[in-house]
Amino acid sequence: MAQRNGDIDPDADPDDLAYLPLTIIRRTDVVGAYGHSPDRLTSIAESAFALLPRPRHR
């Protein structure tokens, strides 16, 4: 949906995009299990979302 709305690069591979949040969530679970703070986990999630490919201005 984000690709259709123009929030994410429409040329980005949708399968890769689908696995990114899944991977981040699973890794965040591991990091959280080791006692890192909610602030650290939030920072990790924000960094992951910043990696999403944005549309190129043409």
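Buried means under 20% relative accessible area, exposed means over 50%, and partly exposed is anything in between (1.4 Å probe, protein chains only). Everything below comes from a predicted model, where local features need pLDDT of at least 70, side-chain atom pairs count only at pLDDT 80 or more, and totals for chains, interfaces and linings use all residues. Residues are numbered from 1 along each chain as its sequence is written, and side-chain values use heavy atoms, with hydrogens and water left out.

**View 1. The whole chain, to get your bearings.**
The protein chain has two helices and zero strands; both kinds of element are DSSP runs, numbered from the N terminus, with helices being H or I of at least four residues and strands being E of at least two. Its radius of gyration is 14 Å, well over the 10 Å that the globule rule gives for 58 residues, so the chain is more spread out than a compact globule. For that comparison, the radius is taken over C-alpha atoms, and the rule is 2.2 Å times the number of residues to the power 0.38. Along its principal axes, the C-alpha trace spans about 45 × 20 × 15 Å. Of the 58 residues, 12% count as buried. The chain exposes about 4,800 Å², and carbon and sulfur atoms supply 56% of that; the areas come from the Shrake-Rupley method with a 1.4 Å probe, and for residues only the protein chains shown count as cover.

Side chains of opposite charge can pair when their charged atoms come close. Here the side chains of Asp 29 and Arg 26 meet in a salt bridge, at 2.8 Å from N to O. The term calls for a side-chain nitrogen of Lys or Arg within 4 Å of a carboxyl oxygen of Asp or Glu. A search of the whole structure finds one salt bridge. The two partners are three residues apart in helix α1, so about one helical turn separates them. Arg 26 is partly exposed, with a relative accessible area of 48%, and Asp 29 is partly exposed too, at 42%.

**View 2. Thr 28, tucked into helix α1.**
Thr 28 sits in helix α1, which covers residues 14-33. With a relative accessible area of 16%, Thr 28 is buried. Leaving out residues up to four places away in sequence, Thr 28 touches Leu 41 and Ile 44, where contact means heavy atoms within 4.5 Å.

**View 3. Ala 33, out in the open.**
Ala 33 is also found in helix α1. At 65% relative accessibility, Ala 33 counts as exposed. Look for Asp 11 as well: Ala 33 and Asp 11 are 22 residues apart in sequence and 36 Å apart in space, C-alpha to C-alpha.

Asp 7 is partly exposed, with a relative accessible area of 45%; Ala 2 is partly exposed at 28%. Setting aside neighbours within four places in sequence, Asp 7 is in contact with Ala 2, Pro 53, Arg 54 and Pro 55. Ala 2, counted the same way, touches Asp 7 and Ile 8. Asp 7 and Leu 52 are 45 residues apart in sequence and 9.5 Å apart in space, C-alpha to C-alpha. For Ala 2 and Leu 51, 49 residues apart along the chain, the C-alpha atoms are separated by 14 Å.

**View 4. Arg 56, in the segment after α2.**
Helix α2 covers 38-50, and Arg 56 lies in the segment after it. Not counting residues up to four places away in sequence, Arg 56 touches Asp 9 and Asp 11. Arg 56 and Pro 21 are 35 residues apart in sequence and 22 Å apart in space, C-alpha to C-alpha.
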